[in-house]
Amino acid sequence: PPGLDAIYQACRNVYHDQPNPLQVTAVIKYWLGGPDPLDYVSMYYNKGDPERNIPEHWHYITFGFSDLHGDGRVHPTSNSDGPSGFGFELTMRLKREPGESGPPTWPAELLQALARYVFQSENALYSGDHVSWHAPLDNCESRLQHMLMTDDAQLPMVTTPIGSVNFIQVVGVCTEELQAAQQWNGPGVIELLKTIPLAGGPWLVTDMRRGETIFEIDPSLQESVDEGIRQNGSNLSGVSAKCTWIESTDAMYGENGDELHLPPKISEEVSNQIKDALLEGLGRAKHQALPSVPSRELVSRENDVPHEMVYTRTLDAVHLKFNLEAGSLLALACKGRVLHGRHFTFKSVNGDTAVTFVATGVEGAFVNERNPYAARGPWLQVLVTEDLAYELIRDLEELTSIDTSVLMHIHSYTHVIKVIAHKTSYKTSLCFDNCFGHAQLPKSYRWPRKRLEVSILPDPSFDSILPMEQFPT
């Protein structure tokens, strides 16, 4: 098959002396009903380069995020002009331990877990993203509990007859390094990691025995991060999270008892338009413009309700609801994005609901100072003026002091998820005690003058709108 052959050839170009590497293979292929999306994970021995502080390591390369077969069995068929499948394969470099005769297989299981998320959410991974795992990557004891994504140092993009494939390398990082990527940007932290041999060096080899963060190894690196945040803010322009919103009326305003629900159900076509616009405009944008979504589209509602038009609807008051993980990023959204004249989106991890915080003057916004709250279908925009941003930071900053790292990835757009790896040992079991400080969740914050309410709810409150059987969250 053309896609499979192209990846094999890319591997042979690097490992010409290893024509038949060890592989972890899906017992039942995904296209035959198996649970594992990746057909194979190849595992190569790399001798490294001691003179460049690149240690001996194992190099893992996936087969299956891209279109291997070109016949529609897994991915829609395409041509060479676009991406092949999701447009990438994942790699990982793991330091070889003394006396180790063969590669550990846990990285292959980890990569399969990421593949399940990508295939079920249809959210691709990009260089610069980050994934917060909140558990040791090898399921043992290690400070490396999260991942950053970057371009593989030895595998350039390949073009196949059925599309292009980038090789994105998974790099294990500590919590403090993940937080730096969230508050500043992933590529910047990657460059800092490259300067520290113990943290991976130029090829970013993951060492599960690393016991210190780069900031403990070289305290001056924290100053680089702080200066980057001060000058540039954050390039984290959105997260996919447990969230929803409702319109508040005069009768409802200030009440606590309203039920969680999703905005009106929309057609698959409109859903895809919103998803594509958010991914394009928020995931890759390097400027302040928001994506455009058609202001009037057909809506398909349940129970054969006649089609109606999606239009820009202004709201008098809104109530935003987040779980604790997403809530911990609210102050960051204002401090690192809004006050720098940018936008920040919370996109539901399962569904089309989205909430975008918009600074004054963002191009493409459909809110303004006269109408600060407006929605198109399930997509809500909230105008956050400078004075409101400072109020939100003041009141919500306390949420950032809680360690609420969750599985997420960023390409200037972060997907907050908890992956449960079916039939593997990888299962995130992070649980919260449903408490905030000494107060029980839910916890609400209100700004009556702005007619805005934000509630932080325990995870189980979202179960009815984010069903576990569709995808573990």
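A residue is called buried when its relative accessible area is under 20%, exposed when that area is over 50%, and partly exposed in between, with a 1.4 Å probe and protein chains only. The model is predicted, so that local features need pLDDT of at least 70 and side-chain atom pairs count only at pLDDT 80 or more, while totals for chains, interfaces and linings use all residues. Residues are numbered from 1 along each chain as its sequence is written, and side-chain values use heavy atoms, leaving out hydrogens and water.

Rings of Phe, Tyr and Trp (its six-membered ring) pair if their centres lie within 6.5 Å, and planes under 30 degrees apart count as stacked, over 60 as edge-to-face and the rest as tilted. By this rule there are 13 aromatic pairs, among them the edge-to-face pair of Y45 and W58. Y45 belongs to strand 2 and W58 to strand 3, so the pair ties together parts 13 residues apart in sequence; strands (E, at least two residues) are DSSP runs numbered from the N terminus. W58 is buried at 6% relative accessible area, whereas Y45, at 30%, is partly exposed.

F346 and F357 also form an edge-to-face pair, which joins strand 15 to strand 16 and therefore links parts 11 residues apart in sequence. F346 is buried at 0% relative accessibility, and F357 is buried at 3%.

| Pair | Centre distance | Plane angle |
|---|---|---|
| Y45 and W58 | 5.8 Å | 65° |
| F346 and F357 | 6.0 Å | 65° |

Elsewhere, Y30, F65, F86, F88 and F119 form one aromatic cluster. R73 lies over the face of W31, 4.4 Å from the ring centre, where a charge sits over a ring if NZ of Lys or CZ of Arg is within 6 Å of the ring centre and within 35 degrees of the ring normal.

Conventions:
Helices (H or I, at least four residues) and strands (E, at least two) are DSSP runs, numbered from the N terminus.
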